Amino acid sequence: MGVHGGQHVVFDFDGALELARRLWGLADGVDTFRGKRDTAATTALRHWQGRYATEFRSSVTTEQGSDAHLSTAMRDDARTLAALWSQAMAEEAKVRYADHVTEKKQHRGFFHRVEDAVFGSDEDYGPEPGPFAVPQPPAFAATGSLPVYD
């Protein structure tokens, strides 16, 4: 068992973005459905009077608030998934880079290791991975890919 940069990240990268897309689409559906229900309720209440009209109006108002809350919550969850994807990608990229550097160092000869200890390493391990931008709605497309080292 070799030394490595830490635990690899256990995260369903593709699944998280797919779920974010689906949540966003469901929120759009809730908003569309709410618009149709609002139109139907307005039509129904146009000439409706009395106790049952008041009860219906109250129910419609409650439903509108619930629908708005639901679609907002789904969009918030989709954005949270995208942010978690970005964080997990960055962490996994760092672990892979650390593994890559450790592997290269372990395969250097004895004299190179002594030289590294005395003078510092002049080995180029490649650029360290940078941050990953948070995927944006509604497509939530991946903003990068994990590095692969030989």
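Predicted model: local features only at pLDDT ≥ 70, side-chain atom pairs only at ≥ 80, totals over all residues.

I started with A78, which touches A20, L23, W24 and F140, leaving out residues up to four places away in sequence. Contact here means heavy atoms within 4.5 Å.

Residues are numbered from 1 along each chain as its sequence is written, and side-chain values use heavy atoms, with hydrogens and water left out.

Next I asked which residues touch the most other members of the largest nonpolar core. They are F13, A78, W85, M89, F132 and F140, out of 20 residues in that core. The elements giving two or more residues to this core are α1 (13-45) and α2. I noted that α2 gives the most, with 9 residues. A nonpolar core is a set of buried Ala, Val, Leu, Ile, Met, Phe, Trp, Tyr and Cys residues joined through side-chain atoms within 4.5 Å. Buried means under 20% relative accessible area, exposed over 50%, and partly exposed in between (1.4 Å probe, protein chains only).

**The whole protein**

I counted up the secondary structure and got 3 helices and 0 strands, in the pattern α-α-α along the sequence. Helices (H or I, at least four residues) and strands (E, at least two) are DSSP runs, numbered from the N terminus. Of the 150 residues, 27% are buried. For contacts with a separation of 6 or more, 81% come from residues 24 or more positions apart.

I then looked at E92, found in helix α2 (residues 51-106). Is E92 buried or exposed? E92 counts as buried because its relative accessibility is 4%. Its side chain makes a polar contact with the side chain of H8 at 2.7 Å. A polar contact is a pair of N or O atoms within 3.5 Å; within protein, one must be able to donate a hydrogen and the other to accept it, and residues adjacent in sequence count only if both atoms are side-chain atoms. E92 also touches V9, F13 and L146, among others.

D67 lies in helix α2 too.
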